[in-house]
Protein chains: 2
Amino acid sequence: MESIFQNEIIKEILARYRRIWAIGHAQSVLGWDLEVNMPKEGIMERSVAQGELSVLSQELLLRPDFLELVEKAKDQELNEYERGVVRVLDRSIRIIKAFPPEFLREVSEVTAQATKAWEEAKAKDDFSKFEPWLDKIIDLAKRAADYLGYEEEPYDALLDLYEEGLRTRDIIRMFDKLEKELKPLLDRILEEGKVPREHPLEKEKYEREWMEKVNLWILKKFGFPLGVRARIDVSAHPFTTEFGIKDVRITTRYEGFDFRRTVLSTIHEFGHALYELQQDERFMFTPIAGGVSLGIHESQSRFWENIIGRSREFVELLYPVLKENLPFMDKYTPEDVYLYFNMVRPDFIRTEADVVTYNFHIILRFKLERIMLNEGVKAKDLPELWNEEMERLLGIRPKTYVEGILQDIHWAHGSIGYFPTYSIGTILAAQLYYHMKKDLDVETKIAEGDFEPIKTWLKEKIHRWGSIYPPKELLKKAIGEEMDAEYFIRWVRERYL
Amino acid sequence: MESIFQNEIIKEILARYRRIWAIGHAQSVLGWDLEVNMPKEGIMERSVAQGELSVLSQELLLRPDFLELVEKAKDQELNEYERGVVRVLDRSIRIIKAFPPEFLREVSEVTAQATKAWEEAKAKDDFSKFEPWLDKIIDLAKRAADYLGYEEEPYDALLDLYEEGLRTRDIIRMFDKLEKELKPLLDRILEEGKVPREHPLEKEKYEREWMEKVNLWILKKFGFPLGVRARIDVSAHPFTTEFGIKDVRITTRYEGFDFRRTVLSTIHEFGHALYELQQDERFMFTPIAGGVSLGIHESQSRFWENIIGRSREFVELLYPVLKENLPFMDKYTPEDVYLYFNMVRPDFIRTEADVVTYNFHIILRFKLERIMLNEGVKAKDLPELWNEEMERLLGIRPKTYVEGILQDIHWAHGSIGYFPTYSIGTILAAQLYYHMKKDLDVETKIAEGDFEPIKTWLKEKIHRWGSIYPPKELLKKAIGEEMDAEYFIRWVRERYL
């Protein structure tokens with residue numbers, strides 16, 4: 001395989017970068033092991049190891065001779081791969097350098113304590129235990145925005161951390177449209193009553209081995225290279241991690257009831273994993289290997305989960321396998337399973353929300369986060385604002401904090417500006433789908449169980465480019481346009497009405 | 001918990017050492033994952049990561065400011081813990097500094113290729129494929145000894161790498177005694193014919209789940225903290241690894257027949273694990289946490305395997321559990337199982353050897369290694385020397401290379417001087433046993449399934465001291481004497497005659 005890196009300075013940068021890559025590889029393995037295998041008292045030593053490696057990695061990135069090489073590379077004539085290397089490194093360096101070490105220490109101390117306080121508050125449904133910590137988190141977020149700098153508003157700085165190049169105005173435009181057009185659609189779906197709000201399959205219990213077989217069947221059908229370049233394990237919260245291009249691991253969960261959850265989790269994580277598995281192998285050990293952003297990554301998982309996993313064709317393909325493994329399936333038709341996979345029900349908990357109501361949960365959080373940063377609102381006022389917004393958007397009002405503001409761990413972790421990437425994923429998944437349909441008959445391929453053309457399309461348009469282009473540019477190259485919520489609205493209309 | 005480290009320079013050393021510790025922690029996790037979980041194509045990225053981390057760790061250890069601190073510490077008034085820290089670091093630094101980087105590169109290239117050649121040679125039973133590589137390995141071993149320096153003979157330098165402070169003359173003394181006294185014992189055992197050379201239980205087949213239950217029962221009985229500070233998994237070759245004091249993992253294997261192998265492997269690895277689990281917690285993150293040497297470590301695993309696992313009392317304790325889980329057990333009495341666990345049969349393969357013949361396999365390898373280094377013998381002469389020695393010691397002559405010189409991977413890995421540590425383990429296990437018997441009634445405790453007093457004794461005498469004393473000094477403190485093969489010979493006599 002011929003190297004795509006010709007420039008001598010880039011070659012020198014990549015030779016030195018291997019060490020930083022190796023630490024990242026180790027950190028991924030440590031993180032995966034922590035969730036999947038680690039005996040519980042291992043946590044103290046594991047945390048110290050992770051902390052030390054993270055500081056070490058930053059120090060290597062900020063070594064003066066390395067910085068000098070990156071600066072030098074900017075003046076060189078580079079190909080697109082080499083430019084990608086410089087852009088990604090430059091961005092990482094800029095972000096790390098933005099924060100003084102004392103600030104990073106403060107963040108890690110406050111978020112560690114805030115997470116504990118949040119856990120206690122959630123266990124007792126007592127917001128007052130978390131409130132002072134949330135105020136501290138808001139203060140840290142504001143200071144982080146100031147350190148990073150921004151053009152229009154502080155939220156821009158945080159958003160950019162999670163989705164390179166995305167601005168608050170992009171989100172506002174997208175969410176305004178969603179709210180205006182999706183709300184009437186949701187009302188119509190609920191009024192018409194063809195789509196169920198409850199389903200007896202939610203209550204059916206299963207043995208773990210039954211669903212393990214179903215999930216394995218699905219992954220084999222999708223061509224997931226189990227044992228060769230991939231694994232599936234079990235963890236409390238399903239996730240995907242990549243140790244490189246040739247070792248990508250997903251997890252799922254088995255709750256013993258409501259089997260849709262394990263199936264759709266597995267398919268969701270497969271979508272993330274495929275993005276990593278279909279990288280250009282020549283990017284191995286470099287900073288341009290791997291998905292470019294959270295939003296683009298989520299578009300891949302949502303594509304497989306929503307567009308494929310919840311489709312009528314997929315449900316029909318899967319039905320015989322379900323029937324073979326789930327004894328209760330005798331009582332249900334493929335149509336029952338399809339409706340069960342596509343229920344719509346306004347509910348309090350984001351992580352359990354259906355495809356249609358999901359975005360309203362994100363709109364709510366985006367609004368609250370933005371006023372935290374821009375309008376000096378205090379934590380004590382947030383539960384009421386949450387509940388009002390929930391009532392306005394979904395017509396339901398939480399009766400407890402756990403059903404409302406205490407449900408997510410993100411703020412306790414200090415992750416303000418993260419939530420919008422979930423919506424980007426949902427919206428882009430639909431947008432990619434309509435573009436894919438121009439090139440291939442997606443439904444027929446799903447019905448035939450022939451996923452290769454779909455995978456190849458995603459590889460050519462998105463996966464193989466790794467992180468060489470920033471997200472907006474990647475989209476332009478892939479589908480010739482910017483992110484547009486219109487496609488998602490169309491998809492909801494076609495699927496549900 | 002009060003810190004045992006008071007000296008300011010030592011504190012500074014340990015603060016910096018945390019980073020080296022963290023890399024070691026990561027390397028252990030990477031190594032464990034490679035054997036237990038890794039999808040097969042993950043190997044290339046994993047190897048690169050391991051290589052980079054290993055170089056990084058050495059660089060951190062050799063940083064001038066770190067070396068200076070260690071030098072400075074030597075002049076300080078230190079307590080025994082602090083002196084241990086300096087001794088362990090000084091030794092690591094001395095060993096790393098002894099070898100020029102080009103030499104280390106040569107070693108890693110030659111051993112990588114030699115390992116491949118050995119695999120091929122073994123698969124085809126063709127020594128000529130490995131012969132030129134073995135000559136290179138011998139040459140590297142000689143040069144390594146020269147770099148390290150030695151007082152009496154080159155073999156001393158290599159031996160010391162694996163067992164700090166051990167000298168060739170110690171081994172010669174020990175092996176001379178063993179050969180002289182154990183050989184007639186072996187002949188008597190075989191002549192008397194009370195101890196079986198073959199047993200029908202060797203052929204009985206089992207389902208993996210049956211033996212998983214038995215192994216779990218044993219580990220629970222021993223108080224192995226599964227899920228809390230420990231795990232057991234499956235790998236091709238059983239091993240123990242420690243990620244710290246609070247996360248120690250063992251593996252076992254299930255071959256589906258000859259169930260003694262999985263039981264005794266599990267018990268063996270438990271012995272290694274216990275050494276790590278019973279470290280003084282105040283040693284966490286420091287270079288004095290963890291077993292002091294391979295030989296002492298092996299004494300712990302052999303103690304549990306030979307002294308406990310193969311004892312009549314343990315077999316009787318285990319018998320009802322075997323009967324409950326192994327359907328074929330109805331045909332056998334506890335006495336049958338005891339004899340099966342204690343068979344003696346001269347055979348070709350070291351890893352399958354019984355307790356009595358095992359040491360002869362090591363004596364053979366030691367002799368060959370020593371003449372490789374001291375007498376300039378070439379690889380081509382070694383198979384014949386091997387076979388002659390095998391005939392002299394055990395009265396059998398290999399008919400293939402695989403039954404003879406090609407059976408072990410150690411030389412291909414460049415590990416010359418390693419084998420004697422296996423015998424040290426066997427010998428010390430018996431020695432510790434007779435000392436333990438002075439303090440407690442070991443057999444009664446085993447019969448009662450009360451392993452706590454045994455664990456406590458090992459903890460007080462050996463485990464809690466980590467690496468603060470070199471092996472010989474540790475033994476002196478623990479049992480008031482040096483290693484002595486007499487105890488092992490006595491143990492063989494008492495058990496088998």
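Residues are numbered from 1 along each chain as its sequence is written, while chains are lettered from A in the order in which they are written. In this predicted model local features need pLDDT of at least 70 and side-chain atom pairs count only at pLDDT 80 or more, whereas totals for chains, interfaces and linings use all residues, and side-chain values use heavy atoms, with hydrogens and water left out.

Trainee: Is Gly466(B) buried or exposed?

Mentor: Gly466(B) sits in the loop between helix 18 (452–461) and helix 19 (471–479) of chain B, helices being DSSP runs of H or I with at least four residues, numbered from the N terminus. Buried means under 20% relative accessible area, exposed over 50%, and partly exposed in between, with a 1.4 Å probe and protein chains only. Because its relative accessible area is 1%, Gly466(B) is buried.

Trainee: How many Å apart in space are Gly466(B) and Ser293(B), C-alpha to C-alpha?

Mentor: Contact means heavy atoms within 4.5 Å, and, leaving aside residues up to four places away in sequence, Gly466(B) touches residues including Ile288(B), Gly290(B) and Val292(B). Ser293(B) is 173 residues from Gly466(B) in sequence, and the C-alpha to C-alpha separation is 9.8 Å.

Trainee: What is the relative accessibility of Asp125(B)?

Mentor: Asp125(B) lies in the loop between helix 5 (101–124) and helix 6 (131–148) of chain B, and has a positive phi of about 50° although it is not a glycine. Asp125(B) counts as partly exposed because its relative accessibility is 28%.

How values were computed:
Helix = DSSP H or I, 4+ residues; strand = E, 2+ residues; numbered from the N terminus.
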